[in-house]
Amino acid sequence: MLTLTENACTIVKQMTDAPDVPDSAGLRITQAEAGFAVSAAEQAEPGDQVVEQDGATVYLDEGAAQQLDAMTLDAGVDDSGTLQFGLLAQA
């Protein structure tokens, strides 16, 4: 199952922790033609795998769940302030 680094947990929580956002909100990763698409989601879609870690919630569609099964999601902000996600193989 996908795991998250501490940085990824912090960023996902920051993205979904707003007064007008439902408690069920999370980050949704879907399989796309050229890799993966990442977006904010108010809740899981039918068939999504739900990953909850340290207060952060990530929803994975079926294709993403299969491909990311043994991966770790990392996140950070580059020098220009752009949010970036990365994947690492689990040790």
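**Close-up views of a predicted model**

**View 1. Asp 54 is exposed, with a relative accessible area of 58%.** In this predicted model, Asp 54 sits in the loop that links strand 4 (49-53) with strand 5 (56-60). Although Asp 54 is not a glycine, its phi is positive, at about 50 degrees. Most residues other than glycine have a negative phi.

**View 2. The open sheet has 4 strands in the order 3-2-5-4, with mixed pairing.** Strand 3 (35-41) and strand 4 stand at the edges, and because each has a single partner strand, one side of each is left without a neighbour in the sheet. Direction ignored, neighbouring strands of this sheet are turned by 25 degrees against each other on average. Strand 2 and strand 3 run antiparallel and are joined by 7 bridges; within this pairing, Gly 26 has Ala 41 of strand 3 as its bridge partner. Helix 1 packs on the sheet, where it touches strand 2, strand 4 and strand 5, and its direction makes about 90 degrees with that of strand 5.

**View 3. Thr 30 lies in strand 2 (residues 26-32).** Thr 30 counts as buried because its relative accessibility is 17%, which falls under the 20% limit. When its neighbours within four places in sequence are left aside, Thr 30 is in contact with Gly 35, Phe 36, Ala 37, Asp 61 and Ala 64.

**View 4. Met 15, Val 77 and Leu 83 make a nonpolar surface patch of about 240 Å².** Of these residues, Met 15 is placed in helix 1 (residues 6-16), and with a relative accessibility of 35% Met 15 counts as partly exposed.

Terms used
Residues are numbered from 1 along each chain as its sequence is written. This is a predicted model: local features need pLDDT of at least 70, side-chain atom pairs count only at pLDDT 80 or more; totals for chains, interfaces and linings use all residues. Side-chain values use heavy atoms; hydrogens and water are left out. Helices (H or I, at least four residues) and strands (E, at least two) are DSSP runs, numbered from the N terminus. Buried means under 20% relative accessible area, exposed over 50%, partly exposed in between (1.4 Å probe, protein chains only). Contact means heavy atoms within 4.5 Å. Patches are made of residues with over 30% relative accessible area and no salt bridge: like charges are joined within 9 Å, nonpolar side chains (Val, Leu, Ile, Met, Phe, Trp, Tyr) within 5 Å. Accessible areas come from the Shrake-Rupley method with a 1.4 Å probe; for residues, only the protein chains shown count as cover. A salt bridge is a side-chain nitrogen of Lys or Arg within 4 Å of a carboxyl oxygen of Asp or Glu. Two strands pair if DSSP finds at least two bridges between them. Axes are lines fitted to C-alpha atoms, for helices over the stretch in contact, and angles run from 0 to 180 degrees between N-to-C directions.
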